[in-house]
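Please examine the sequence and the structure before reading on.

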Amino acid sequence: MSRYDTTDDHEPLLWVGGHGLYATHVLLLVFVLSSVGTALMTGLRLTQPLEAMPFVSERVLGGQFWRVVTYGFINPPSLWFAVDMLMLFWFGREVEKFFGRRTFLKFYAGVYLLPPVLFTLIGLWHPTALAGVRSSFPLFIAFATLYPNAVLLFNLLAKWVALILVALSTLVAISNRSLEGFIVLATTTGFAWLFVRHAQGRFDLPSMRLPHRPASTSVGDAPRRPRSTPAPARKEDFMAVADALLDKIARQGIDSLTAAERRQLEEARERLKQRRS
């Protein structure tokens with residue numbers, strides 16, 4: 001099935017008061033509750049649960065594997081945590097609209113688990129530690145990769161905002177001499193970009209299949225006829241779809257587009273770009 005097909009994967013998990021509840025909203029609720037729990041346990045001095053949750057490479061290598069998952073549930077209330085949750089709410093929903101729930105959850109699981117898995121390997125030589133959710137910024141990178149020309153605050157395009165934030169975060173990690181912070185930034189940002197490019201068909205994973213010899217044919221065998229390839233879609237077809245969607249955006253705004261219409265618009269844009277190149 002094409003990634004542009006409409007399935008129930010783009011429908012809400014459930015409806016609450018007439019509003020759809022999507023996977024992004026569930027993740028947001030879980031992390032907000034974790035912040036409330038962190039604040040309560042800290043205020044009540046219940047340190048034992050808090051000490052058992054952060055990622056510590058030595059403890060994980062010693063058998064406490066749950067820390068690979070629970071590290072993101074230690075979230076003391078702060079302004080940066082609020083900003084992180086706003087990014088999850090805004091950009092996570094847009095990424096989920098494009099991919100659908102299952103692919104979105106695979107993407108989020110990769111972003112969430114990549115740092116602790118990598119730090120576990122590094123912990124064989126150098127002890128590492130990690131606490132707090134750090135997976136919302138890669139969601140913005142995924143959004144900027146999907147919609148590089150989307151206009152954000154102050155009329156800045158998403159692709160330039162992404163480049164500025166990545167450069168700024170890199171300088172912060174260097175000035176703080178935080179190798180762990182730089183590794184998290186580089187790996188999660190790179191993973192988000194590659195994941196989107198692969199989903200768009202612009203990046204193929206290396207094949208592990210061994211080359212095989214073509215079956216030999218005898219002298220009396222008739223030559224095989226080449227397989228016919230389907231005729232490419234006419235330019236008028238996808239241009240008509242794009243014009244209709246752009247007219248709808250002009251009349252009702254971009255938020256009026258459904259998930260299927262957003263995918264159709266993205267497909268038309270990619271086909272037009274291929275023809276121009």
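Helices here are DSSP runs of H or I with at least four residues, numbered from the N terminus. The model is predicted.

Q: What separates F137 and F140 in helix 7?
A: Both residues belong to helix 7, which covers residues 136-146. They are three residues apart in this helix, so the separation is about one helical turn.

Q: How many aromatic pairs does a search of the whole structure find?
A: A pair of aromatic rings is described by the distance of the centres and the angle of the planes. Rings pair if their centres lie within 6.5 Å. Searching the whole structure on this basis gives a total of 17.

Q: Is the pair of Y71 and Y112 stacked, edge-to-face or tilted?
A: Planes under 30 degrees apart count as stacked and those over 60 as edge-to-face, while the rest are tilted. The ring centres of Y71 and Y112 are 4.8 Å apart and the planes lie at 35°, so the pair is tilted.

Q: How many residues apart are Y71 and Y112?
A: Y71 lies in the loop between helix 4 (67-70) and helix 5 (79-99). Y112 belongs to helix 6 (residues 101-122). The pair thus links distant parts of the chain, and the separation is 41 residues.

Q: Is Y71 buried or exposed?
A: A residue under 20% relative accessible area counts as buried, and one over 50% as exposed. Y71 has a relative accessibility of 2%, so Y71 is buried.

Q: Over which ring does the charged end of R93 sit?
A: The charged end of R93 is 3.3 Å from the centre of a ring. That ring belongs to Y22.

Notes. Residues are numbered from 1 along each chain as its sequence is written. This is a predicted model: local features need pLDDT of at least 70, side-chain atom pairs count only at pLDDT 80 or more; totals for chains, interfaces and linings use all residues. Side-chain values use heavy atoms; hydrogens and water are left out. Rings of Phe, Tyr and Trp (its six-membered ring) pair if their centres lie within 6.5 Å; planes under 30 degrees apart count as stacked, over 60 as edge-to-face and the rest as tilted. Helices (H or I, at least four residues) and strands (E, at least two) are DSSP runs, numbered from the N terminus. Buried means under 20% relative accessible area, exposed over 50%, partly exposed in between (1.4 Å probe, protein chains only). A charge sits over a ring if NZ of Lys or CZ of Arg is within 6 Å of the ring centre and within 35 degrees of the ring normal.
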